[in-house]
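Welcome! Here is a short tour of how two parts of one protein meet. Take a moment to look at the model before reading on.

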Amino acid sequence: MSNELDPLSLAIRLRAPQTLQKEHSTPLYLTSSFTFDDAEMMRAAFADENDENIYSRFSNPNVDEFIAKMCMLEGAEDGFATSTGMAAVFGSFMALLKQGDHMICCSSVFGSTFTTVTKFLPRYGITCTLVAANDKEAWEAAVQPNTKMVYLETPTNPQLEIIDLEWAGQFTKKHKLILNVDNCFATPLLQRPVDFGADLVIHSATKWIDGQGRVLGGVIVGRADLIKEIYLFCRNTGPAMSPFNAWVLSKSLETLDVRMQRHCENALQVAKALQQNESVSWVKYPFLEGHPQYDIALKQMKAGGGVLCFEVKGGVEAGRKFLNALNMLSVTANLGDSRSIASHPASTTHSKLTEKERLAVGITPGLIRISTGLEKVTDIIADIEQALAAAAV
Ligand SMILES: *Cc1c(COP(=O)(O)O)cnc(C)c1O
């Protein structure tokens, strides 16, 4: 495929080599292993002297197609795809860190990532300092002689804080640290961390990349030397992406650009409507004026993304009433679906924490997170407004 095409066109046209059937859409390669013409060819494959597929835990045409598209969209040299986003997060840590190493992590990261760095990595002698997203002095103060990696998400979940990627790139370069960015909320369409100096970029492909709430998947792209280590770790320990999921996700990338445009337009309109609503004390969306890091969001993102959050007046009880009163929006834990989703962290995902612990991670009592879908925005706004009216009674 000509590299003169725009990356957005390549994300649509790039494909695994056509077979003798001349099929237009890439076939599904549901095979555990691949055959060899002779012993010499098999020997050479195992000696890494050729690019032949050996076994689908290592590589597979559907998975390779998905990785190639992701590398192109993110501007990255190489990549590896995993069964879930968390397998990508964990694989990037375990492949590159060892006993005695230290990492710095943004405190408002995805819940399972938080558990991994605070509960599991310390068992293997890998320590982690958590720092608030925008406390630059704390990031500086956290650097130790054994620090190897900086891990962050932007926008963060669910508070949608924005971390300045240009600053993060300079910070990690100065201290010679690996910059590992979870780009799930922005997608490569809205923000490319590699352009700001990120060494690795991680996605939960389960979210906006699939975009229809069907399959789980993850991917790590970035510097070829680091991906080589991650590949060796993952090919041996087994978090491979299934060919079926890769096929679904690769197809999804063909529509990511148009989907994200609509998701972002809808989210901005919902955020603006909520600003006018008397039952709401505040609304947060990266491209809404008044967001604390509005200028940084404009600098590094093409649009604000599909997620917004707001505080319903009346605390936990009002939050519960709001969820119960919704007619169209789904009440579910996922995000990044064509169908709009509402969640109330204080009574669900974060209900086991104390109020004080919740506030420390930015979960206020009436916080509602909306993942804006692709429905007509008038229907999304109408459902949210009638549920707010019901919650206010
Ligand atoms: C969902 C999510 C993950 C984990 O991905 P899974 O595919 O569910 O394993 C990691 N980071 C962020 C920001 C997420 O939203």
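In this predicted model, 17 residue pairs make polar contact across the interface of domain 1 and domain 2, with both partners at pLDDT 80 or more.

With three residues, α8 gives the most to the side of domain 1 that touches domain 2. What kinds of residues make up that side, by class? There are 15 nonpolar residues, 11 polar ones and five charged ones.

Charged partners also meet here: two salt bridges are found across the interface of domain 1 and domain 2. There is also a salt bridge between E166 and K299, whose closest N and O atoms lie 3.0 Å apart.

Now step back to the two domains themselves. Domain 1 covers 7-253, and domain 2 covers 256-391. Taken over C-alpha atoms, their centres are 27 Å apart. In contact with each other are 31 residues of domain 1 and 38 residues of domain 2.

How much area is buried between domain 1 and domain 2? The figure is about 2900 Å², and carbon and sulfur atoms give 61% of that. In domain 1, the residues losing the most area to domain 2 are Q159, L190 and W208, which together account for 27% of what that side buries.

Technical notes:
Residues are numbered from 1 along each chain as its sequence is written. This is a predicted model: local features need pLDDT of at least 70, side-chain atom pairs count only at pLDDT 80 or more; totals for chains, interfaces and linings use all residues. Side-chain values use heavy atoms; hydrogens and water are left out. Domain bounds come from an automatic or database domain assignment. Contact means heavy atoms within 4.5 Å. Buried area is the accessible area (1.4 Å probe) that two parts lose on being put together, summed over both. A salt bridge is a side-chain nitrogen of Lys or Arg within 4 Å of a carboxyl oxygen of Asp or Glu. A polar contact is a pair of N or O atoms within 3.5 Å; within protein, one must be able to donate a hydrogen and the other to accept it, and residues adjacent in sequence count only if both atoms are side-chain atoms. Helices (H or I, at least four residues) and strands (E, at least two) are DSSP runs, numbered from the N terminus. Ala, Val, Leu, Ile, Met, Phe, Trp, Tyr, Cys and Pro count as nonpolar, Asp, Glu, Lys and Arg as charged, and the others, Gly among them, as polar.
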